[in-house]
Every structure is written in C-alpha cells, then in structure tokens.
Amino acid sequence: MKAKEIRELSVEELEVKLTDLKKDLFNLRLQNATNQLENPTRIAEVKRDIARVNTILREHQLTEKA
C-alpha cells in the first residue's frame, strides 16, 4: 500500500488494517519456517506496510493532542 492510500483511512480502519497485516506477517513467517513460502520478498513488503500504518496512526495521535 502507498502512504497516500493509508492516510485516507480512518483511525478505526487503520487499526483493523494493522491487525490484518500482523496476521499476514505471522502466516508468512510460518510458511517460511516450513519452506512453503513462494515469494520471500512479501515478508519485507508486509513489514513496511506495518511500519507505514504505525507511522500514520502516530501522526493521528499527535494531531489530536495539538
């Protein structure tokens, strides 16, 4: 996902997206451990998406305080 797409989501949608991404990451790591992972670069992509969502959630928190 692009940061622009993520910024358009509400806080509730971001939290749901974050839990979905964490589940995906867990499943990818499980597949990697059992040598069933077809695309190993997907792990890095999901990690980056998690970081993007966390960053934008933090931006929302800071704007609420200000």
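Predicted model: local features only at pLDDT ≥ 70, side-chain atom pairs only at ≥ 80, totals over all residues.
Helix α2 spans residues 11-33. It has 23 residues and reaches 33 Å from its first C-alpha to its last. That span is close to the 33 Å expected at 1.5 Å a residue. Helix α3 spans residues 41-65. This helix has 25 residues and reaches 37 Å between its first and last C-alpha, close to the expected 36 Å. Helix α1 covers residues 3-7.

Two packed helices are described by the angle between their axes and the distance between the axes. For α2 and α3, the axes come within 9 Å and cross at roughly 155 degrees. Angles over 145 degrees count as roughly antiparallel. The two helices, α2 and α3, are therefore roughly antiparallel to each other. The crossing of α2 past α3 is left-handed. On the α2 side, the contact is made by Val11, Leu14, Glu15, Lys17, Leu18, Leu21, Lys22, Leu25, Leu28, Arg29 and Asn32. On the α3 side, it is made by Arg42, Ile43, Val46, Lys47, Asp49, Ile50, Val53, Asn54, Ile56, Leu57 and His60. By type, the residues of this contact divide into twelve nonpolar, three polar and seven charged.

The buried residues of each helix were then examined. In α2 they are Leu14, Leu18, Leu21, Leu25 and Leu28. What covers them includes α1 and α3. An α-helix has 3.6 residues a turn, so residues three or four places apart point the same way. In α3 the buried residues are Ile43, Val46, Asp49, Ile50, Val53, Ile56 and Leu57. They pack against α1 and α2.

Aspartate 49 lies in helix α3. Its relative accessibility is 9%. Buried means under 20%, so aspartate 49 counts as buried. Leaving aside residues up to four places away in sequence, aspartate 49 touches Met1 and Leu21. Leu21 is itself one of the buried residues of α2. Both Asp49 and Leu21 are listed in the contact of α2 with α3.

The loop between α2 and α3 holds asparagine 35. Just after α2, this residue takes a positive phi of about 60 degrees. Asparagine 35 counts as exposed, because its relative accessibility is 72% and the cut-off for exposed is over 50%. From asparagine 35 to lysine 65 there are 30 residues along the chain, and their C-alpha atoms are separated by 46 Å.

Glutamate 5 is found in helix α1. With a relative accessible area of 41%, glutamate 5 is partly exposed. The C-alpha atoms of glutamate 5 and asparagine 39 are separated by 24 Å. These two residues stand 34 places apart along the chain.

Terms used. Residues numbered from 1 in each chain as written. Heavy atoms only, no water. Helix = DSSP H or I, 4+ residues; strand = E, 2+ residues; numbered from the N terminus. Buried < 20%, exposed > 50% of the residue type's maximum accessible area, 1.4 Å probe, protein only. Contact = heavy atoms within 4.5 Å. Axes fitted to C-alpha atoms, helices over the stretch in contact; angles between N-to-C directions. Parallel < 35°, antiparallel > 145°, perpendicular 65-115°, else oblique. Left-handed = near helix turned anticlockwise from the far one by under 90°. Nonpolar A, V, L, I, M, F, W, Y, C, P; charged D, E, K, R; others polar. Expected span 1.5 Å × (residues − 1).
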